[in-house]
Amino acid sequence: MSTVLLVEDNALNRKMLERRLRHYGHKVLVATEGNQGVALAIEHQPDVIIMDTDLPVIDGWQAIKILKASAATMDIPVLALTPKTKSGNWKTALEVDCNDYDTKPIVLKRLMGKVETLLGGTAPAATQTKAPQVALADSLTSALATPQSRSAPLSPSQISHQIPTIRPSASGLLNNRYEIIQVLNNSPFGQCILAKDLTVTPATTVIINTLKLPVNDPALLSLVRSSLVSEMSFLAVISRHDDIATCLDYFEQDDVFYWVQAHVIGTSLTQELGSAQSMGFVLKLTRSLLSTVHPFHQGQMVHCECHPDSFVRRQSDGRIVLVEYGLLKRMFVSLRSHSLTYRQALLKQGQYQPAEQRAGNPQFNSDIYSIGMIVLQSLTGQTPEWLMGVSGQSSLTNLVKADAQVVKLFERMVSPNPQLRFESASDALAALPLGLIPKESTYQQVLSS
């Protein structure tokens with residue numbers, strides 16, 4: 001028996017929907033105010049929520065934002081129930097991360113069909129055509145994961161068969177240019193490949209990333225293709241910065257999308273985070289990490305993938321280089337996929353991500369939070385989980401023994417409240433105490449010691 005939380009202040013609608021839901025065999029929880037609905041959702045963890053948007057105390061849109069920003073409720077499907085007279089409600093539904101929406105006056109057959117679909121059942125034919133953006137989001141969701149109950153989601157290993165098989169051209173090369181050396185890693189949506197570019201002399205090694213969407217929807221594929229082309233144009237410009245791996249090429253072959261970047265030889269930043277570093281070292285690292293995402297923010301893009309594995313300390317000069325573009329996360333967030341499978345596969349590094357990003361609503365200062373967690377880990381030698389636990393019990397003043405300006409800097413970077421963080425990388429860079437950052441020669445001595 002599935003549990004449905006119905007949040008509706010209109011008595012007539014509430015009683016009608018409650019009777020019909022029980023008739024379908026569901027257990028029904030009822031709330032009449034937005035704040036009461038949030039409390040019941042956290043306490044009882046229903047299988048789906050029907051949320052009226054015009055509610056007292058806090059309205060339904062605000063309640064949905066709270067639910068989708070909380071780790072405890074972010075994966076519960078939410079259906080927004082909106083007045084038909086208000087245009088643009090479907091856009092608002094996408095913006096707050098609703099899984100679906102329906103309009104009033106209520107058409108019971110249509111609404112119950114959508115509820116059954118969210119619960120993983122077979123829905124009756126809908127009597128209303130969805131807005132194109134909602135239909136595309138639904139297509140992507142169904143393509144990435146067969147509808148299931150929340151208690152039994154697909155795991156990344158279960159969808160590993162969707163990884164594309166690389167089929168080189170007759171010449172044995174990808175795009176008649178790249179010779180595959182080895183597959184570095186697999187993901188549910190593609191591969192990362194080390195290859196050799198044979199069109200340059202001498203031949204150089206490159207990194208090739210692949211994307212294969214398990215969907216045969218021309219409209220959706222066209223949308224993905226357009227998104228990738230736009231991303232490639234943007235990356236080709238910003239990757240001219242010396243601290244971002246150069247974006248070299250982009251092509252499509254056998255229904256697989258490929259993008260090629262320079263191979264940066266060095267060590268992952270992850271390998272540096274096992275022990276505590278000096279304050280000077282960490283401030284230098286902070287400036288380096290913020291500088292790598294600064295071009296993204298200037299271009300009005302959230303990076304979305306600020307994780308230690310996204311950065312490499314280049315062997316040739318010891319500089320920090322961003323080698324992960326964050327492309328897949330940005331693309332799926334922009335397409336508003338609400339698949340639990342997607343969240344598991346692409347939002348898995350949650351320990352470095354704030355609540356709003358794990359809920360699928362990243363913003364510029366989500367990157368600031370991620371970088372803040374990395375540099376605090378470098379400073380203390382402790383894991384993000386430990387840092388979050390301690391910071392929840394006491395302020396950073398008790399954890400970080402440093403100049404008050406530095407402590408305030410870190411507190412703003414990792415604040416759980418986005419409104420208290422720096423708005424972007426440029427704001428955080430401007431707040432760095434430059435006088436405490438060691439010069440390059442001193443920094444290199446610390447690095448080599």
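Which residue in β8 is the bridge partner of A195? The second view below gives the answer.

**View 1. How to read this predicted model.** The model is predicted: local features need pLDDT of at least 70, side-chain atom pairs count only at pLDDT 80 or more, and totals for chains, interfaces and linings use all residues. Residues are numbered from 1 along each chain as its sequence is written, and side-chain values use heavy atoms, with hydrogens and water left out.

**View 2. An antiparallel sheet of five strands.** The open sheet has the strand order β6-β7-β8-β10-β9, with antiparallel pairing. Strands are DSSP runs of E with at least two residues, helices are runs of H or I with at least four, and both are numbered from the N terminus. Two strands pair if DSSP finds at least two bridges between them. At the edges are β6 (178-187) and β9 (247-253), and each pairs on one side only. From one strand to the next, the twist averages 25°. Here axes are lines fitted to C-alpha atoms, for helices over the stretch in contact, and angles between N-to-C directions run from 0 to 180 degrees. Six bridges join β7 (residues 190-197) and β8 (residues 204-211) in the antiparallel sense. The bridge partner of A195 in β8 is V206.

View 3. Four bridges join β1 and β3 in the parallel sense. L5 has I49 in β3 as its bridge partner.

View 4. Helix α1 (residues 11-23) has 13 residues. From first C-alpha to last, α1 reaches 18 Å, close to the 18 Å expected at 1.5 Å a residue. The expected span is 1.5 Å times one less than the number of residues. N13, R14, L17 and L21 are buried in α1. Buried means under 20% relative accessible area, exposed over 50%, and partly exposed in between (1.4 Å probe, protein chains only). Seen down the axis of α1, the buried residues fall within an arc of 95°, so they line one face of the helix. The arc is that of the directions from the helix axis to the C-beta atoms. The buried residues of α1 pack against β1 (3-7), β2 (27-31), β3 (48-52), β4 (78-83), β5 (100-104) and α5 (108-118). On the other side of α1, L12, K15, R19 and H23 are exposed.

View 5. The largest nonpolar core has 59 residues. Such a core is a set of buried Ala, Val, Leu, Ile, Met, Phe, Trp, Tyr and Cys residues joined through side-chain atoms within 4.5 Å. Residues with the most contacts inside this core are L211, L235, L289, L290, F410 and M413. Helix α12 (residues 364-380) gives the largest share of the core, eight residues. Apart from it lies another core of 21 residues, among them V38, M51, L55 and A93.
Helix α15 (residues 404-413) has the buried residues V406, V407, L409, F410 and M413. Seen down the axis of α15, these fall within an arc of 155°, so they line one face of the helix. The face turned away carries the exposed residues A404 and K408. M413 touches T286, L290, I368, Y369, I371, G372, R421 and F422, not counting residues up to four places away in sequence. Contact means heavy atoms within 4.5 Å.

View 6. Strand β11 (residues 266-268) pairs with β12 in the antiparallel sense over three bridges. T267 has R313 in β12 as its bridge partner. Three bridges also join β12 to the antiparallel strand β13 (residues 320-322). F311 stands opposite L322 in β13. β12 and β13 form a hairpin with five residues between them, and G318 in the turn has a positive phi of about 75°. R319 sits in the loop between β12 and β13. R319 is partly exposed, at 38% relative accessible area. R319 touches D242, D243, V312, R313 and R314, leaving out residues up to four places away in sequence.
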